[in-house]
Amino acid sequence: MTFTTYNLRSAGRIKARLAELGHSLPQVSAAAGIYTPAVRTGSIVYTSGQLPLADKQLLATGQVGAEVTADEAAALTRVCALNALAAIETVAKLDNVTRIVKLTVFVSSATGFNDQALVANGASMFLKEVFDEFGVHARSAVGVAELPLDSPVEVELIVEVA
């Protein structure tokens with residue numbers, strides 16, 4: 001059964017789709033400052049930046065194009081996107097997501113590295129796999145000098161919910 005055959009109104013459809021893809025929602029990491037992992041205002045949810053954490057451990061450190069390859073970084077953005085979905089679930093049910101509106105990917109880039117868009121494709125593909133056509137979004141891929149905890153990537157999401 002493909003995702004497009006799921007009843008879009010069925011309870012638990014997104015968690016079922018995640019399980020089908022071999023994932024489950026992780027525990028949301030505690031905020032490292034004075035902020036919250038996600039905020040809902042009306043029908044829009046904004047996530048704070050999500051790092052590639054699993055079991056409270058950063059999966060890689062360093063700059064993309066130096067210590068981390070573009071392919072490794074793309075895989076890490078998938079973890080960040082999964083963490084963003086967990087953050088969304090703290091303020092709205094994932095089954096109520098009607099559209100992934102905007103994805104922003106920050107890439108800690110070594111001098112001369114300019115394939116940020118290829119790195120961002122990891123998260124973009126993941127969101128499309130999970131939400132089908134509702135996962136296709138506007139996007140920014142931004143190269144930066146450094147990210148918190150020496151993370152190679154960070155992801156933010158804006159989603160619309162019913």
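**Exercise 1.** How much space lies in the second largest pocket, and which residues line that pocket?

*Solution.* The model is predicted, so that local features need pLDDT of at least 70 and side-chain atom pairs count only at pLDDT 80 or more, while totals for chains, interfaces and linings use all residues. Residues are numbered from 1 along each chain as its sequence is written, and side-chain values use heavy atoms, without hydrogens and water.

Step 1. A pocket is an open set of points, on a 1 Å grid over the protein atoms alone, where a 1.4 Å probe fits, with protein on both sides within 12 Å along at least five of seven lines. Its volume is the space filled by probe spheres set on the points, which are joined across faces, edges and corners. For the second largest pocket this space is about 200 Å³.

Step 2. Lining residues have an atom within 4 Å of a point. Among them are Pro26, Leu53, Asp55, Lys56 and Val79.

Step 3. Strand S3 (53-54) and helix H2 (70-89) each give two or more residues to this lining; H2 supplies the largest share, three residues. Helices (H or I, at least four residues) and strands (E, at least two) are DSSP runs, numbered from the N terminus.

**Exercise 2.** State which strands pair with S5 (residues 97-108), and in which sense.

*Solution.* Step 1. Pairing requires at least two bridges found by DSSP. Nine bridges link S5 to the antiparallel S7 (residues 153-161), with phenylalanine 106 partnered by glutamate 154.

Step 2. Seven bridges join S5 to S6 (residues 138-144) in the parallel sense; here valine 105 stands opposite alanine 141.
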